[in-house]
Amino acid sequence: MPAETRTGRRAVRRWLVLPAAAISLALGLGSVVPAPHAAANVARAAGSPAGPGTPATAYVVNETSGTVNPIATATNIAGPPIPVGKEPSAIAITPDGKTAYVANYESGTVTPIATATNTAGPPITTGYLPRAIAITPDGKTAYIVNEDSNTVTPIATATNTRFRL
């Protein structure tokens, strides 16, 4: 598909999605997910106590800069941006809060981030234009939806590798 067509389709999709996203965020239905594993470290840095399971860090993708910002929810202060890939579009965090997975739309990759250190691991190649991520309740598998290749890429979270089917 020509790049102009893909870019035009993305622009139209974004304009259709933005009002829905604004409404869902206003109603508290947004998709920013706290990472409970990082709660103790962020609480110590912020100088506030945090009990187990207390959300202390939110992760937000920055599409234009290709980064993710960790935000200490106790202070609403953003940490240093974490480089992930070209045009990150979605993020999901494992149930144990140890890893955030970022779908990089234009890179065709997913980048794992260790939430304890906010360090990005090596990118994992997926199908064409990864758009969404779902993680199983046991945290063992992340499923990446690839928009233009009409595929789903399963990733083993223990090794951060693609499943070979």
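Q: Does Glu87 count as buried or exposed?
A: Buried means under 20% relative accessible area, exposed over 50%, and partly exposed in between, with a 1.4 Å probe and protein chains only. The relative accessibility of Glu87 is 11%, so Glu87 counts as buried.

This is a predicted model, in which local features need pLDDT of at least 70, side-chain atom pairs count only at pLDDT 80 or more, and totals for chains, interfaces and linings use all residues. Residues are numbered from 1 along each chain as its sequence is written, and side-chain values use heavy atoms, with hydrogens and water left out.

Q: What is the phi of Glu87, and where does Glu87 lie?
A: Most residues other than glycine have a negative phi. Glu87 is not a glycine, yet its phi is positive, at about 60 degrees. Helices (H or I, at least four residues) and strands (E, at least two) are DSSP runs, numbered from the N terminus. Glu87 sits in the loop between strand S4 (82-83) and S5.

Q: How many of the 6 residues of strand S5 are buried?
A: Strand S5 covers residues 88-93. The strand is largely enclosed by the rest of the structure because its buried residues number 6 of the 6.

Q: Which residue in S6 is the bridge partner of Ile93?
A: Two strands pair if DSSP finds at least two bridges between them. S5 and strand S6 (residues 99-104) run antiparallel and are joined by 5 bridges. Their hairpin has 5 residues between the strands, and Gly97 there has a positive phi near 75 degrees. In S6, Ile93 has as its bridge partner Ala100.

Q: Which residue in the turn between S1 and S2 has a positive phi?
A: Strand S1 (residues 57-62) pairs with strand S2 (residues 67-72) in the antiparallel sense, over 6 bridges. Asn62 has Thr67 in S2 as its bridge partner. The hairpin of S1 and S2 has 4 residues between them, and the one in the turn with a positive phi, about 70 degrees, is Gly66.

Q: Which are the edge strands of the open sheet of 4 strands?
A: The order of this open sheet is S10-S11-S12-S13, with antiparallel pairing. Each edge strand pairs on one side only; the two are strand S10 (130-135) and strand S13 (161-162).

Q: Which residue in S13 stands opposite Ile155?
A: Strand S12 (residues 151-156) and S13 run antiparallel, joined by 2 bridges. In S13, the residue opposite Ile155 is Arg162.

Q: What is the relative accessibility of Asn160?
A: Asn160 lies in the loop between S12 and S13. Its phi is positive, near 55 degrees, although Asn160 is a residue other than glycine. Asn160 counts as partly exposed because its relative accessibility is 27%.
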